[in-house]
Amino acid sequence: MSQPAWIQPTQKVERPVLKLFNSLTRTKVPFIPTNANEVTWYSCGPTVYDSSHMGHARNYVTIDINRRILQDFFGYNIKFVQNVTDIDDKIILKARQEYLFKEFSKKYSEITNELKQFALGSWNSYVAKNLTDFKGDFSDFESWAQSLNIAEKAVDNPKIPMHITAAKKALKTSFDLNEYLENIKDVVVPELDRLYGSTVTDPEIFKQTSSYWEQRYDEDMERLNILPATVTTRVSEYVPEIVEFVQGIIDRGYAYVTKDGSVYFDTTQFDTNEKHDYAKLQPWNKADLELLKEGEGSLSSNDGKRNSADFALWKSSKPGEPSWKSPWGQGRPGWHIECSVMASDITGESMDIHSGGIDLAFPHHDNELAQSEARFDCKQWVNYFLHTGHLHIEGQKMSKSLKNFITIDEALSKHSARQLRLCFALVQWNNQLDFKESLLNEVRSIEATFNNFFNNVRGLNNDYNSKLASGQIISKKFGPAEKNLLNKLSEVQAKVYSSFCDNLSTPQVVRSLLDLIQESNNYISAIGTEIRVQPLLQTAFYITRILSVLGFQNRPDNLGWINEDQQDGQGSNREDTVLPFVQALSSFRDFVRKSAISKDDYKVFLDATDKIRDVDLLKLGVVLDDRNGQNALIKFITEAEKQELIRQQEEKEIQAQEKLQKKLQQIKLKEAKENERREKAKLSPLEMFKQGDYASLYTAWDDNGLPIKDAQGNEVTKSARKKLTKLQDQQRKLHEEFNGH
């Protein structure tokens, strides 16, 4: 006997395909890794010579988010390689200049004329080189600088504001040596380097600088919760491989050696080969001399270059620069060759993904592509180039070279790592991000929405478990409202999948999660006492999972993210945790017991319940939400939320006190007026014009006490008597009111 035929199901809706914005096409294209089980990924790492800044944070956090999505959502095994550039013109200059300035400062114990003269000479050289429009004496500089439209000048030369700031700072009057040295540093170090840079030969000086800043970078990345690379490569540990790689390019006919022992890549030879194309990423920039010059570094001599677009694979070292042996003489690697060699050592002759900031696209990444495709004689070294967008601060481009950057440490002193990650997730990874107050306000609002939702769900779940523990039987049957919420969850899950497939669109994903929270909140508000916690738990679990995919650390119970101020790294014991709550409960019990024995009014007990709710438990980070006909909902809140509630209570108390004081002042004023009337009422209307100020005005009165003659013996006029009668009537009423007549 055979089984009945099985009908294979068919999908009602096809799942979307993952597409990424590829800088090699400038379009979204399907992502197809070479190996279905593993994605090889190389990402440009830091050049370690200064503090990491918000531009780095945007790039590395964004790449971390993308990496996590491919790894934790789509399930790819990622081999993630990132370099550390510890040999570079910027590092050499920084190390050399810091060393020379330190030695220079040691020579002085006070501000001498010699020091002032050197500073002035350095200032003149600095201004002559960097602010060529200024032609006057240093005493004229301040007024000249004020006359400039700096914003307009900065359009043509972005470094103008930095140079003006340095020059003005150096002219500040100071009588403190340390302050004076700090003021003149920016204008003095170029001159010191010009005079003595070639004498700095100790390799440790350069190594100490790069090692120090690499450590600071690692610390910043850890604070931002960025996953460490699968493999981290350092340029200084790859010099033999770089030499071998460069020789391979020479052997293929795409590089040449100059008289000074440098090796340059021949872009013309490469670009005219029908198999190759130079500047694949940004071909429109291949003739941009400014970008080409910047890509070569400030210490490059460029002697012997055949073409302006040719770039250094190996630089001959001059005095004051670190050097290594090579077939072409003592020298050091060029900037672009480093990434090609280190990436290829781990990923082989091709890779799936290469990432970095958009500012590196040309010439750095284009040069990487050219030299690697020349070395391996291949058409395509990288399959997908992912470039993160620029970061602007309140509309202004941030740059370390312009010295207008915010360090990661500074940013984390004002905003949490979670807020920064959420900020970056709200903007598409390959779009420009403007880090401004309006975006931060949106981040805080969204963060509060997530926090409130997780607090409510955990509170409802604790309430549910408490009822079960007390023996209550609670229905688990889903009605239309619960089914509707589950349907909404399914819709959002489909939207999130589609959004991730659409170029890893995290802004769309976050919006979908917020929509799901709104639906959940609507359910909680509408359902009342018949609430079912199960669909809310499933919703919270899913939202937590997606937030975890984006790199937000989640709680062990998967009901929300970890609040950074509640992470317990001290291993506190049970007694330390419980004691504050037991003390609050014990104090409440003592008060209630004492009041009950004294048979106090019931309001005393209500006030006590308000106090433990609004003061004692709030101090412990617990909020009780009173509910009609139900037990109070218990919620655990963050330190920030607690402080905000306390602030609101204090503000409310201040307003209440102000209202009370105003009321008391009104009562006091009313009492004063009443006393004044009472005192005035003691005077008989028959005697009122015979006493006080009136006594000197009149000499005769009638039987009713009204004046009939004035002080000169003249009869009081009819109109005057009419006014006096009116005053007497008023006094009579007041007198009778208070004296009972």
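User: Which residue in β10 is the bridge partner of Trp-41?

Analyst: The bridge partner of Trp-41 in β10 is Ile-353. This is a predicted model, in which local features need pLDDT of at least 70, side-chain atom pairs count only at pLDDT 80 or more, and totals for chains, interfaces and linings use all residues. Residues are numbered from 1 along each chain as its sequence is written, and side-chain values use heavy atoms, with hydrogens and water left out.

User: What makes β3 and β10 a pair?

Analyst: Two strands pair if DSSP finds at least two bridges between them. Strands here are DSSP runs of E with at least two residues, and helices are runs of H or I with at least four, numbered from the N terminus.

User: Which strands are at the edges of the sheet?

Analyst: The order is β5-β4-β3-β10-β11, with parallel pairing. β5 (231-234) and β11 (382-388) are the edge strands, since each pairs on one side only.

User: Why is Thr-267 called buried?

Analyst: Buried means under 20% relative accessible area, exposed over 50%, and partly exposed in between (1.4 Å probe, protein chains only). Thr-267 has 5%, so Thr-267 is buried.

User: What makes the link between Thr-267 and Asp-310 a polar contact?

Analyst: Their side chains are joined at 2.8 Å. The definition asks for a pair of N or O atoms within 3.5 Å; within protein, one must be able to donate a hydrogen and the other to accept it, and residues adjacent in sequence count only if both atoms are side-chain atoms. The distance therefore falls within the cut-off.
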